Amino acid sequence: MQFRLPWLVAGTLALAACSMFPHHAGGDAPPAHQSLMKSITGDIRYDLPQPLPAGAYLKVTLADVSRQDVAARTISEETIQPVGASPVDFLISYDPADLRDGVDFALSVRLQQGDKLLAINDTRVSVLGRSGEKGPVSVLLKAVP
């Protein structure tokens, strides 16, 4: 028992010393990948035939639309709620590392109330890549009948 006591004391002191050093688990500095995030800004415009219902929200999606033979790959998605009168400003953040080999990217926007689709953009809004804007962009939504 006397032989273990010095080891126990030494181990306890070593662990206590480690706790004095700063660590990044809960520090003020953001993780490195967050500081490399980029964003696209713009506004969303819509004209609905009826008043905007309570609980309506906008879903903004940035997707890789490079390949025509497969579904678009979602890069980032943001929800804006509550939604006020048109126009509504938006900011969608993305990690440039997620762009990978894609060369064509587009924004799509849906105005919804629950599962009910109220309006959507019916024209492609190209961003980034070889054929797109870096922002700010304007997205026009058309009401769904």
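**Exercise 1. Identify the side-chain partner of Asp-64 in a polar contact, then describe the surroundings of Asp-64.**

Step 1. The side chain of Asp-64 makes a polar contact with the side chain of Ser-66, at 2.8 Å. A polar contact is a pair of N or O atoms within 3.5 Å; within protein, one must be able to donate a hydrogen and the other to accept it, and residues adjacent in sequence count only if both atoms are side-chain atoms.

Step 2. Note the basis. This is a predicted model, where local features need pLDDT of at least 70, side-chain atom pairs count only at pLDDT 80 or more, and totals for chains, interfaces and linings use all residues. Residues are numbered from 1 along each chain as its sequence is written, and side-chain values use heavy atoms, with hydrogens and water left out.

Step 3. Asp-64 belongs to strand β2, residues 56-64. Strands (E, at least two residues) and helices (H or I, at least four) are DSSP runs, numbered from the N terminus.

Step 4. Asp-64 has a relative accessible area of 10%, so Asp-64 is buried. The classes are buried (under 20% relative accessible area), exposed (over 50%) and partly exposed (in between), with a 1.4 Å probe and protein chains only.

Step 5. List the contacts (heavy atoms within 4.5 Å). Leaving aside neighbours within four places in sequence, Asp-64 touches Ala-72, Arg-73, Ile-75, Leu-99, Gly-102, Asp-104 and Phe-105.

**Exercise 2. State how many salt bridges the whole structure holds, and work through examples.**

Step 1. The search finds 4 salt bridges. Each needs a side-chain nitrogen of Lys or Arg within 4 Å of a carboxyl oxygen of Asp or Glu. Side chains of opposite charge can pair when their charged atoms come close.

Step 2. Return to Asp-64. Its side chain meets that of Arg-73 in a salt bridge, 3.2 Å from N to O. Arg-73 is partly exposed because its relative accessibility is 25%.

Step 3. Take Arg-45 and Asp-43. Their side chains form a salt bridge at 3.2 Å, N to O. Arg-45 is partly exposed at 38%. Asp-43 counts as buried at 16%.

Step 4. Take Arg-67 and Asp-69. The closest N and O atoms of this salt bridge are 3.8 Å apart. Arg-67 is exposed at 53%. Asp-69 is exposed at 62%.

**Exercise 3. Give the strand order of the open sheet of 3 strands, then follow β4 within the sheet.**

Step 1. The order is β4-β1-β8, with mixed pairing. The edge strands, each pairing on one side only, are β4 (88-94) and β8 (137-140). From one strand to the next, the twist averages 35°. Angles run from 0 to 180 degrees between N-to-C directions; axes are lines fitted to C-alpha atoms, for helices over the stretch in contact.

Step 2. Pair the strands. β1 (residues 38-45) and β4 run antiparallel over 7 bridges. Two strands pair if DSSP finds at least two bridges between them.

Step 3. Sort the side chains of β4. Val-88, Phe-90, Ile-92 and Tyr-94 point to one face and are buried.

Step 4. Examine Leu-91. Its relative accessibility is 47%, so Leu-91 counts as partly exposed. Its C-alpha lies 6.7 Å from that of Gly-42, 49 residues apart along the chain. Beyond four places in sequence, Leu-91 touches Ser-39, Ile-40, Thr-41 and Glu-78.
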